[in-house]
Amino acid sequence: AIMQGENVSKPVLQVINTRAIATGNGPPRYRVLMSDGVNTLSSFMLATQLNSLVEEERLSAQCICQVNRFIVNSLKDGRRVVILMDLDVLKTADKVGGNIGNPVPYNEGQGQQRSSAPAANAAPSKPQQQNGNLSAAGPAAPKYHAPSNQFGKASAPSSVKTPGGSQAKVVPIASLNPYQSKWTICARVTQKGQIRTWSNSRGEGKLFSIELVDESGEIRATAFNDQADKFFPLIELNKVYYFTKGNLKTANKQYTAVKNDYEITFTSETSVVPCDDAQHLPSVQFEFVSISDLENTPKDSIVDVIGICKSYEDVTKITVKANNREVSKRNVHLMDTSGKLVTATLWGNEAEQFDGSRQPVIAIKGARVSDFGGRSLSVMSSSTVFINPDSPEAFKLRGWYEFDSEGQLLECASISDVRGGPASGANTNWKTLFEAKSENLGQGDKADYFSCVGTVVHLRKENCMYQACPSQDCNKKVIDQQNGLYRCEKCDREFPNFKYRMMLLVTIADCLEYQWVTCFQESAEFILGQNAAFLGELKEKNEQAFEEVFQNANFNTYEFRIRVKLETYNDESRIKATAMDVKPVNYREYSKRLIASIRRNAQLG
Amino acid sequence: MEDVHEVPRKRIATGHLAQHIGKPVCFVGRVEKIHPTGKFLVLSDGEGKHTTVELSEPLDEEISGVLEVVGRVTNQATIMCMSYVQFREDKSPFDLELYNEALKIIHEFPEYFPFG
């Protein structure tokens with residue numbers, strides 16, 4: 001009945017023999033000779049995911065198995081192949097002992113072998129009776145109903161229900177090759193690229209590419225010009241279609257990571273028809289890399305990632321110098337259960353249409369790892385971005401983020417170091433001064449950056465300003481020529497004036513430690529509350545007012561962004577700290593951090 | 001009852017009222033309703049629960065927003081208010097839920113937050 005295309009549920013069959021078929025560059029396919037006690041049929045192929053069963057010898061000659069899922073594919077020569085997608089081994093070969101019954105090879109169109117009750121009822125009742133008979137170790141002709149009863153039926157109808165009456169004999173993608181021009185595959189679109197246009201000396205054109213997958217494998221297909229126009233609106237990501245008749249040619253591995261020697265080009269004869277019966281096709285397969293592992297992933301590799309979009313930036317337009325085109329881009333920040341945050345860059349349409357509100361789960365297939373700012377991800381034209389995908393990892397992430405309180409309070413350390421004050425505080429590296437000292441920040445070759453909350457406890461009034469070159473971008477100290485002129489060595493010029501620049505040494509402290517920090521112009525002006533020029537005047541004219549400014553600045557608390565680095569000056573190396581940015585304390589964020597920190601430490605316990 | 005200001009007073013939320021009857025406390029909440037006579041206020045705390053505050057003298061001005069009330073807890077689990085301070089919300093809004101979180105921590109770790 002299986003051969004007639006009937007929907008037999010979970011037939012129980014005996015394996016008579018297995019044979020490996022080499023497929024060139026891929027895992028071996030196993031062809032299985034199966035028997036139902038009455039007939040044997042060799043047109044059974046094992047789906048590659050079940051290969052391990054044969055390799056581990058669980059599925060071997062004479063074992064009994066129950067097929068849970070199978071599909072019938074019709075080859076173009078009229079033969080039918082049953083692909084076994086999922087089966088359970090009920091009894092291994094050694095327990096069976098021999099072939100059950102005396103099966104003869106099945107020929108399509110053969111007459112009735114057994115006159116028993118209709119096959120439709122045969123299958124469900126078979127398993128129970130099968131078990132009963134097996135214990136008797138199989139004399140011939142056990143009393144179960146053979147499913148192969150309806151031989152009288154013509155073999156014409158194909159097992160695939162195609163609309164419009166087209167004779168679609170579906171072949172597996174793995175069997176496609178350039179020597180066959182008439183084929184039909186039933187596949188799911190796992191990736192759909194955008195329409196790309198080009199113009200070169202030979203003219204202009206446009207194309208878009210898709211990746212297709214079925215149980216036997218995957219393949220890339222490209223549609224050019226007219227076919228691109230025709231099919232781009234029709235073909236949707238993640239849907240299943242019958243694709244008929246296209247050109248096969250050797251794949252250009254440069255453009256794709258798809259595992260197939262060939263790729264399809266749509267022609268004017270190609271037809272694409274939606275397929276309804278698609279449950280058996282695998283949907284998009286992901287192999288997620290955890291964000292913390294990305295730090296060890298080499299640059300330019302292609303990965304799949306999934307994470308909660310903790311924050312995202314606005315879309316910006318930048319001009320690509322190469323071809324003077326404007327391109328939209330947007331950075332989004334993804335976080336996963338490892339607590340690490342990574343910045344992913346979206347381009348073009350995806351950047352513009354992105355909606356990160358309500359912190360969705362984002363899955364990206366085929367993103368490229370770059371070493372920009374440590375590690376970050378770039379979404380390419382061949383990548384696909386899924387928002388809130390229907391997959392178990394997505395649900396797990398959502399559950400962790402919303403219900404496990406840790407999820408939202410987790411201080412994520414960003415592996416893509418976003419410098420320069422991001423709007424969301426999620427990327428800053430908060431430390432207490434004690435932690436900064438004990439972790440020996442700044443000892444390495446590079447400068448280390450961290451943020452902390454500290455209170456000003458001392459300011460050094462002496463030498464807090466110097467006379468600097470008045471030119472726009474030059475801050476070099478000028479030499480007083482004593483004749484009313486000031487010389488700047490860097491600009492190699494003399495000026496009649498100078499500008500005061502601040503270089504204020506401040507001691508800041510928190511509950512455990514203190515630190516000397518140098519504050520330049522902007523930070524110093526913020527802390528003192530006056531600009532440099534005014535202070536310069538005060539210093540010369542009104543000492544008392546000058547002192548008062550410093551008194552008022554003392555014992556104020558701010559958020560500092562600090563850069564520490566080991567610097568060598570005249571054979572002496574010292575750790576120097578500079579304040580890059582000084583801001584008023586955002587108490588809400590600060591208390592949230594403290595509360596999270598307390599809770600975390602309490603849990604450790 | 002003026003001594004309330006001399007004695008350390010615990011910060012509490014509505015849930016803790018029952019355990020502190022007769023004790024001097026400090027309660028922070030948002031004004032929900034003012035009784036027409038001006039003698040009673042209803043404040044809501046960070047969890048949204050309501051507390052009634054009784055004033056020793058009726059209010060002579062309109063108040064709204066977040067208040068910090070210092071007083072004693074009565075037998076009916078209301079607060080007899082001795083003095084109050086209005087929190088300024090012009091610079092940034094006062095996050096009452098966050099305050100509530102902090103309160104929970106204070107009560108969870110009394111060894112680090114001793115009340116006198």
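User: In what order do the three strands of the open sheet in chain A lie?

Analyst: This is a predicted model. In chain A, three strands make up an open sheet whose pairing is antiparallel. Their order is β23-β24-β25.

User: Which strands of that sheet stand at the edges?

Analyst: An edge strand here has a single partner strand, so one side of it is left without a neighbour in the sheet. In chain A this applies to β23 (479-480) and β25.

User: Which residue of β24(A) is the bridge partner of A:D480?

Analyst: β23(A) and strand β24 (residues 486-488) of chain A run antiparallel and are joined by two bridges. For A:D480, the bridge partner in β24(A) is A:Y486.

User: Is A:E494 buried, partly exposed or exposed?

Analyst: A:E494 lies in strand β25 of chain A, which covers residues 493-495. Buried would require under 20% relative accessible area and exposed over 50%. The relative accessibility of A:E494 is 37%, so the residue counts as partly exposed.

User: Which side chain is joined to that of A:E494 by a polar contact of 2.5 Å?

Analyst: Leaving aside residues up to four places away in sequence, A:E494 touches A:Q481, A:L485, A:Y486 and A:R487. The polar contact of 2.5 Å runs from the side chain of A:E494 to that of A:Q481.

User: What distance separates the C-alpha atoms of A:E494 and A:V478?

Analyst: Along the chain, A:E494 and A:V478 are 16 residues apart. Their C-alpha atoms are separated by 8.7 Å.

User: Turning to the interface, how much area is buried between chain A and chain B?

Analyst: The size of an interface is often given as the accessible area lost when the parts come together. Here seven residues of chain A are in contact with nine residues of chain B. Carbon and sulfur atoms give 68% of the buried area, and the total is about 720 Å².

User: Which residue of chain B meets A:R599 in a salt bridge?

Analyst: Between chain A and chain B there are two salt bridges. One of them has an N to O distance of 3.0 Å and links the side chain of A:R599 to that of B:E108.

User: How many charged residues are on the side of chain A that touches chain B?

Analyst: By class, that side of chain A has three nonpolar residues and one polar residue. The number of charged residues there is three.

Conventions:
Residues are numbered from 1 along each chain as its sequence is written. Chains are lettered from A and ligands numbered from 1 in the order in which they are written. This is a predicted model: local features need pLDDT of at least 70, side-chain atom pairs count only at pLDDT 80 or more; totals for chains, interfaces and linings use all residues. Side-chain values use heavy atoms; hydrogens and water are left out. Helices (H or I, at least four residues) and strands (E, at least two) are DSSP runs, numbered from the N terminus. Buried means under 20% relative accessible area, exposed over 50%, partly exposed in between (1.4 Å probe, protein chains only). Contact means heavy atoms within 4.5 Å. A polar contact is a pair of N or O atoms within 3.5 Å; within protein, one must be able to donate a hydrogen and the other to accept it, and residues adjacent in sequence count only if both atoms are side-chain atoms. Buried area is the accessible area (1.4 Å probe) that two parts lose on being put together, summed over both. A salt bridge is a side-chain nitrogen of Lys or Arg within 4 Å of a carboxyl oxygen of Asp or Glu. Ala, Val, Leu, Ile, Met, Phe, Trp, Tyr, Cys and Pro count as nonpolar, Asp, Glu, Lys and Arg as charged, and the others, Gly among them, as polar. Two strands pair if DSSP finds at least two bridges between them.
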